Amino acid sequence: MTAPPPPPSTGRELSSPPTDGISNLRFSNHSDHLLVSSWDKSVRLYDASANALRGEFMHGGPVLDCCFHDDSSGFSACADHTVRRLVFNYNREDVLGRHDAPVRCVEYSYGTGQVITGSWDKTLKCWDPRGASGQERSLVGTYSQPERVYSLSLVGNRLVVATAGRHVNVYDLRNMSQPEQRRESSLKYQTRCVRCYPNGTGYALSSVEGRVAMEFFDLSEAGQSKKYAFKCHRKSEAGRDIVYPVNAIAFHPIYGTFATGGCDGYVNVWDGNNKKRLYQYTKYPTSIAALSFSRDGRLLAVASSYTYEEGDKDHEPDAIFVRSVNEVEVKPKPKALPNPAT
Amino acid sequence: MPSQMETTCGSLLHELQIIWDEVGESDAERDRMLLELEQECMEVYRRKVDQANKCRAQLRQAIADAEAELAAICSAMGERPVHIRQSDQSTGSLKAELRAILPEIEEMRKRKSDRKNQFIEVLEEIQRIKNEIYWSGGYVSNNIAVDETDLSLRKLDELHRELQALQKEKSERLKQVLEHLNYLYSCCSVLGLDFKQTVCGIHPSLGESDGSKSISNDTIEQLGIAIQKLREVKVQRMQQLQDLATSLLELWNLMDTPIEEQQTFQKVTCNIAASEEEITEPGMLSADFINYVKAEVSRLEELKASKMKELVLKKKAELEDICRKTHLIPESDSAIDLAVDAVESGAVDASFVLEQIELQISRVKEEALSRKEILEKVEKWMTACQEESWLEEYNRDDNRYNAGRGAHLTLKRAEKARALVNKLPAMVDTLTSKTTTWEKEKGVDFTYDGVRLLSMLEDYLVLRQEKELERKRQRDQKKLQEQLLTEQEALYGSKPSPMKNQSAKKGRRLSCGGGPNNRRLSLGGPMLQTPKADMPPLAKATPNTRNAKKTERINQDCLRDDGFAALSSGRRGLDLAGLPINQHSLNLQNAREIESPIIRKPFSPISSTDSSKSSATNILEALNRKHNDMLPKAITSDSTPFSTPSKTMADVENRTPQAMAIPVPSTPSTVSIPMQMAITPAPAQMSITPAPIQKALLPAHTALKSVDEEIEYSFEEKRAGFVLPRSHPINVMQV
């Protein structure tokens, strides 16, 4: 193998991490600021390059997801059913609205200027954050889903919604009345995470059973023939395969390669086009709960935080590692064996 | 005196006459002056008389008053008046009368005040006792009003009687209080309570050992309540203790607890039938003591439970043993396992399960008795079959007549075996008829290790026939060959060895060998059972006339091929679960999947929605590309399960994910994947060993459950304690 020896470290650990499970983390699109939501009911804003905590918001319940609005504000999805807008400079928070059950995920669409939230109440809601606070004015629409929403991802005007029961709905944000496509997950087990390809042609979907499916929006035969699934985050021990859930997928903003994080504590980097694994980082202390590349792809934030896959038990402390990404780790290498299938 | 006064008056008049004479006063003047003098004198007299009169009236009044007072006192004291004045027999002057009455009054006054004091004394006493009885706290009033008008002795007597009654009541009350206190004391000591504290709660005076005790209504009432309460507690605890004692005795009895161990609780058990009054030993019913006994009982119960469990397990083992010995399949094996589990979890009474197992054992024993005769015959038949197969092998051994060590023994054995084999058909016949009668009699199939004996016999006969045919065919062939040989010999003068045909013969035999087994497979249904190497009670049971060992191996090979088919579908289930079922690419799928277990690439494509190309070409392509030598074998050796069953299974797989768990563990561990290493940069981590995946180790084990049966929850939902408001089956959306 030509891969250089792996760097010894897991990256720089951020000081003052959340005190309970990390539900998600995201880099800003404008800076190296990192927004982190946690089960300790907080949303924290870090300056990843300076390793400094820049802000903290406390909510009424565990925060299950967060995302940036612009560099100075963001949104949070909270288990107290509430969607909030957080303004970092003034440490101010507005309630955007409420769901009927804990809000599982939140995304902000730069194209439509809307916040999209998915909840366990089996609905998707779109919000206009510019509207004055008050649900009546900020709520744009409610779209019922076949099951509880587990993961959302956006690319361009496409929105992919993954729910319990392995449903996948693909929406066009300009016409939310109907899903553009109703699909079922190609994987046999519960969906953990869905992320769209940066080039907008499809999405990757991971399941609790150590597997990732690569799907394409194009419904033509040629388009669909490209899809495939692969196994990952498994361990063979004494002749038995141990299969770990794949919690997180993060695409590299420039190369389109992607990293996956599993409950085995490993982060793998894959080249989806050439069907190859590019890199595996050294093992993290516990499950990988979330991953995010910075806007230029030079940094990778890794949340090493027990995701409760085995219930309440002793576990390693929750930590956020920010590692600088070597190009060789994420750059596709098409020169290797040409794939006979394609 | 008057005369003297008269003289003075006459001399004064004389002196006046002299003066007048000298003055020369007229007679008129003199007369006027004398009249004046006379009037003044009259005035003086009248005044004095009035004064005397008034004094007399006062005196009379005083006497009357005194008499009135006397009368009043006398009437108050209820006595006849001592002094009754007889107004007409007035003894003397008024003053004397008054003097006589005064001392009498004095006397009566004194007596009255004495009497009054007596009254006050008695009344005070009465009041005090009343206060003690009716008032719980101290004196309320000290003002005793004595009715002054009735101070008679009769009244006094009345008061005395009242006082006595009160005093009696007081002493009675005191006695009652003391009795109550005594009872309370004994209760408290039995119940292990603090007596002083209990009593002080009722009235502080009760707790003191000496000094007066409160005897008020209130106190007595409260004492009564306290006693009632304690008695209730006592009875309740007594019952509890007696219950415990009963269970103790039962447990001792049941487990033959040694006397020394019992001794400690002797005093508990000896009170088992005692009434409430009989329990007097201090602390006997204290909460601590009861807890102590309770702990002992629960300890014994645990002991008992574990012993029962042991017993159940022992009985279960016994049952299994009997079943094994009599080649019966324990009918409700899983039911017993369940029951044992239930006992272990404490959900079911062990004795009940024990009874059930006992019942089952007796049933099985009975059945075994009825099967005995046939079973013996079966054993004989089996040994005969064994000998038969041995003989077969032996006959094929071309070196059998080579004289080696022990050859004579083998020869002898062969001789015996031949005799036995000759008897075999008759044996089978009798066995069949016996079994048929048995079955008729019982109305159930006679099973041998779960296989119906008649079908085994049938199989055997079929095999025998086949064998017979084959033998005949071989004989014919041999004849033909010999004919050819002789012709050849005539031509070339040499005779090739008859050994040539050996391999062909074997091959045929082998392919036959799988026959009955496959039948069994289709009967048994679940493919997963078959790949087990240790399966063959069947292989043993089926009396193959061939080399038993070889057949087994072949069986396994066949099974493995079946396993492949099943596995591939299972695998596909894993990969493609969600792909629309209506796609027409199943055949293609099969083709790909057949290769996949053997050489599974990490990024192998799943499928395309409708590439409904013919499967055959794809298979061939795949085969050509992946030149795995196992593959052709997999296809050629067993072509039927390949095409059809896997298809149906795939359908099933797609619908009920639960069934999926079955084929996965059957993945043959021998197959390895060299291809992966070439493709993936880090082989060690990437290699996907098709070794049986331990699904139990899969953290998301719940996700494996069927969506139709149970609502799945993500880790986050479980952690947040989120539950769907109403559980309704989630229908997997079919596109």
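Reader: Let's start with a label: why is S455(B) called partly exposed?

Author: S455(B) has a relative accessible area of 25%. Buried would take a value under 20%, and exposed one over 50%. The 25% of S455(B) falls in between, so partly exposed is the label. Keep in mind that this is a predicted model.

Reader: Where does S455(B) sit, and how far in space is it from T432(B)?

Author: S455(B) is in helix α13 (residues 453-492) of chain B.

Reader: Over to chain A. What makes K122(A) buried or exposed?

Author: Buried, because its relative accessibility of 17% is under the 20% limit. K122(A) is in the loop between β11 (114-119) and β12 (123-127) of chain A.

Reader: Which label does N91(A) get, and why?

Author: N91(A) comes in at 47% relative accessibility, so partly exposed is the word. N91(A) is also a loop residue, between β8 (82-87) and β9 (92-98) of chain A.

Reader: What makes the phi of N91(A) and the phi of K122(A) worth a mention?

Author: Most residues other than glycine have a negative phi. N91(A) has a positive one, near 50 degrees, and is not a glycine. K122(A) isn't a glycine either, and its phi is positive at about 65 degrees.

Reader: Why is strand β2 of chain A described as mostly covered?

Author: Count its residues: β2 (residues 22-27) of chain A has 6, and 6 of them are buried. For chain A as a whole, buried residues make up 65% of the 342.

Reader: How do you know that β2(A) and β3(A) pair?

Author: Pairing takes at least two bridges. β2(A) and strand β3 (residues 33-38) of chain A share 5, in the antiparallel sense. F27(A), for instance, stands opposite L34(A) in β3(A). The two strands form a hairpin, with 5 residues between them.

Reader: What makes β1 and β28 of chain A edge strands?

Author: Look at the sheet: 4 strands in the order β1-β30-β29-β28 (chain A), open, with antiparallel pairing. β1 (12-13) and β28 (288-293) each have a single partner strand, so one side of each has no neighbour in the sheet. β28(A) pairs with β29 (residues 299-304) of chain A over 5 antiparallel bridges, and S292(A) stands opposite A301(A) in β29(A). In total, chain A has 30 strands and 3 helices.

Reader: Which residues does L241(B) touch?

Author: Leaving aside residues up to four places away in sequence, L241(B) touches V268(B), M284(B), L285(B), F289(B), I290(B) and V293(B).

Reader: How confident is the predictor in chain B?

Author: The mean pLDDT of chain B is 69, with 61% of its residues at 70 or more. Confidence is highest in helix α24 (residues 715-720) of chain B, at a mean of 90, and lowest in helix α22 (residues 674-679) of chain B, at 32. Residues 604-624 of chain B have a pLDDT below 50, although this stretch has 44 contacts in the model beyond near neighbours in sequence. Residues 727-735 of chain B are also below 50, with 21 such contacts. Where pLDDT is low, the predicted coordinates should not be read in detail.

Reader: What ipTM and pTM does the predictor give the complex?

Author: The ipTM is 0.89 and the pTM is 0.40.

Definitions and conventions
Residues numbered from 1 in each chain as written. Chains lettered and ligands numbered in written order. Predicted model: local features only at pLDDT ≥ 70, side-chain atom pairs only at ≥ 80, totals over all residues. Heavy atoms only, no water. Buried < 20%, exposed > 50% of the residue type's maximum accessible area, 1.4 Å probe, protein only. pLDDT = per-residue confidence, 0-100. Contact = heavy atoms within 4.5 Å.
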